Amino acid sequence: MAEKFKVGDHVEWNSEAGKVSGKIIALHTKDFTYKGHQRHASEDDPQYEIKSDKTDHIAAHKGSALHILD
């Protein structure tokens, strides 16, 4: 099981452009639609919306893609 994070955590993930960091702004524990695509989430495998530190871009990722930053 992936690490669980909470809203406000500062995290990092890999993107096509390299490492990106941001703060978690939302937590999803049920399936949801994001940017027109169905995303699957559950209590055991939540997905997180993260706002990039450098831009206003918001991404959705599973916890397995994220790493906590100090």
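**Close-up 1. The salt bridge between E12 and K19.** E12 pairs with K19 in a salt bridge (a side-chain nitrogen of Lys or Arg within 4 Å of a carboxyl oxygen of Asp or Glu), and their closest N and O atoms are 3.9 Å apart. This is a predicted model, in which local features need pLDDT of at least 70 and side-chain atom pairs count only at pLDDT 80 or more, while totals for chains, interfaces and linings use all residues. Residues are numbered from 1 along each chain as its sequence is written, and side-chain values use heavy atoms, leaving out hydrogens and water. E12 is partly exposed at 21% relative accessibility, whereas K19 is exposed at 59%. Buried means under 20% relative accessible area, exposed over 50%, and partly exposed in between (1.4 Å probe, protein chains only).

**Close-up 2. The salt bridge between K62 and D45.** The closest N and O atoms of this pair are 3.1 Å apart. K62 lies in strand 6 (residues 58-62) and D45 in the loop between strand 4 (37-39) and strand 5, 17 residues apart. Strands (E, at least two residues) are DSSP runs numbered from the N terminus. K62 is partly exposed at 35%, and so is D45 at 29%.

**Close-up 3. The largest nonpolar core.** Its eight residues are F5, V11, W13, I24, Y48, I50, A59 and L66. A nonpolar core is a set of buried Ala, Val, Leu, Ile, Met, Phe, Trp, Tyr and Cys residues joined through side-chain atoms within 4.5 Å.

Methods:
Helix = DSSP H or I, 4+ residues; strand = E, 2+ residues; numbered from the N terminus.
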